Amino acid sequence: MTKQSPAIYDARSLGKGKMLTLGLQHMFAMFGATVLVPVITGLSMSATLLFAGLGTLIFHLLTKMRVPAFLGSSFAFLGGYAAIVSMGAQEGLSATESLPYACIGVFSAGIIYFILAGLIAAFGAKKVMRFFPPIVTGPIIIAIGLTLSGSAIQNCNSNWWIALLAIAIIVVCNIWGRGMIRIIPILLGVLGSYIVAACFGLCDFTPVKDAAWVGVPFQWENTAFYVFSNPNWGLVVSAVIAIVPISLATMMEHIGDMCAISSTVGKNYLENPGLHRTLMGDGLATMLASLFGAPANTTYGENTGVLNLTKVYDPAVIRIAAVFAIILSFCPKFSALIACMPASTIGGVSLILYGMISAVGVRNIVENKVDFTKSRNVLIAALILVLAIGIKYGAGDAISLGFTSLSGLAVAALVGVILNAILPGKDYEFGSNPQGDKAVDFEMNPSLRK
């Protein structure tokens, strides 16, 4: 671990050896959360690492090489992937066959980033963000975590002792850890419980033995392109409608992360290179990843924590971490090792992760001081929560409209946005509360703790 040092912007003054070490440290920080998303969803592990690295490099290119941000797998879209897999099952499709349809929905969500970036460039952030206040995004984020909670319990049921061990390691490292230990509690929870499970013979490593050392990071049948060889157009439309509204939460997360990185580094990245550029970088990275069967990307709080820890803010170090991730993606044996992780480990980590997502939604509401004495706010929050959770557990994940189906999250998000737009009394102003603006962060980010 790099020792605390005075603020350094040009890491090249440290020498190549230390730069490579810092790059490895950043890859280590993002690793636990980034690989967890494909493990939970069934997406390609190798493609995830490849497009986390490529997405980061694309982001840096669009932001003029100025912003020290790493893009890893987004937790926010987990509910969307689960919803489309469930809809696909009703059409007789396996999870593997359904996931490319979900990727099309995620690609469409990436387009929304470009639309929002254009609106912000044309009208300014304050006018645009007024239509996406915390009274809408907060309850949506709460609902994302709650609708996923059942799957976490199902995975824990396979072996509660291993699941509880993963939970215990994460809690201890996150609360009492110091330095890098506090920044990577999810990775340590995964490693600790995985090793114990392996020692007790709970893991089958045959796929690791059979996997090659070098291979292509993605398969054609797992990409979004493959869908159009024999498309189910109803499921395509359902995926777009179900997943695009989730971008409301992820764009708020992006803005929060940009605020956090700006605060850590001491440079206002929302002004230079500009929020519109960072949104476009994030959106383009997500679109490219989704086309090739990788999860949506998002700026990572863990890496902001590393910036805060090392005081080395040179974006070149982040780009080194991206190259390491790309190199690792070409090793199928490594991906197979991750895929052999026991379900109980996934369940324990997911139990915290999903609860943390909901807690972030609560934090977003609290830190933006949403006034629940106003009837409009109560109505908006109530309908978002009841529709999202009620449709998930009361209507079999989605409701049918004849030509397509809508997931609970999609219905809730659409209702929330529309109600906020038409009901009188909008009082949210982006930029007036810096603490509230960075209150959406789905990762465990020590740099935001006070």
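Glu 367 pairs with Arg 363 in a salt bridge, with 3.2 Å between the closest N and O atoms. A salt bridge here is a side-chain nitrogen of Lys or Arg within 4 Å of a carboxyl oxygen of Asp or Glu. Both Glu 367 and Arg 363 sit in helix α17 (residues 343-367). They are four residues apart, about one turn of the helix. Helices (H or I, at least four residues) and strands (E, at least two) are DSSP runs, numbered from the N terminus.

Glu 367 is buried, at 18% relative accessible area. Arg 363 is partly exposed, at 24%. The cut-offs are these: buried is under 20% relative accessible area, exposed is over 50%, and partly exposed is in between (1.4 Å probe, protein chains only).

## Model and confidence

This is a predicted model, in which local features need pLDDT of at least 70, side-chain atom pairs count only at pLDDT 80 or more, and totals for chains, interfaces and linings use all residues. Residues are numbered from 1 along each chain as its sequence is written, and side-chain values use heavy atoms, with hydrogens and water left out.

pLDDT is the predictor's confidence in each residue, from 0 to 100. The protein chain has a mean pLDDT of 88. Of its residues, 95% reach 70 or more. Among the elements, helix α2 (residues 45-62) has the highest mean pLDDT, 96. Helix α20 (residues 434-437) has the lowest, 75. Over residues 1-8, pLDDT stays under 50. For that stretch the model has 22 contacts beyond four places in sequence. Contact means heavy atoms within 4.5 Å.

## Salt bridges across the sequence

The whole structure holds three salt bridges. Side chains of opposite charge can pair when their charged atoms come close.

Asp 427 is in the loop between α19 and α20, and Lys 374 is in the loop between α17 and α18 (375-394), so the pair ties together parts that are 53 residues apart in sequence. Asp 427 is exposed, with a relative accessible area of 53%. Lys 374 is partly exposed at 27%.

Glu 429 and Lys 126 also meet in a salt bridge, at 3.3 Å from N to O. This pair links distant parts of the chain, 303 residues apart. Glu 429 lies in the loop between α19 (408-422) and α20, while Lys 126 belongs to helix α5 (residues 125-129). Both ends are partly exposed: Glu 429 at 40% relative accessibility, Lys 126 at 49%. Glu 429 is also 9.7 Å from Phe 131, C-alpha to C-alpha. In sequence, Glu 429 and Phe 131 are 298 residues apart.

## Helix packing

Two packed helices are described by the angle between their axes and the distance between the axes. Axes are lines fitted to C-alpha atoms, for helices over the stretch in contact, and angles run from 0 to 180 degrees between N-to-C directions. Angles under 35 degrees count as roughly parallel, over 145 as roughly antiparallel, 65 to 115 as roughly perpendicular and the rest as oblique.

The axes of α2 and helix α15 (residues 315-329) come within 7 Å and cross at roughly 155°. α2 is therefore roughly antiparallel to α15. Residues making the contact include Leu 49, Leu 50, Gly 53 and Leu 57 of α2. On α15 they include Ile 318, Ala 322, Ala 325 and Ile 326.

Helix α6 (residues 134-156) packs against helix α12 (residues 247-265) at about 110°, with the axes 9 Å apart. So α6 and α12 are roughly perpendicular to each other. In α6, Thr 137, Ile 140, Ile 141 and Ile 144 meet Leu 248, Ala 249 and Met 252 of α12.

## Backbone details

Most residues other than glycine have a negative phi, and most peptide bonds are trans. The peptide bond from Asn 272 to Pro 273 is cis, with omega near 15°. Pro 273 lies in helix α13 (residues 270-291).

Lys 64 is partly exposed, at 43% relative accessible area. Lys 369 is exposed, at 71% relative accessibility.
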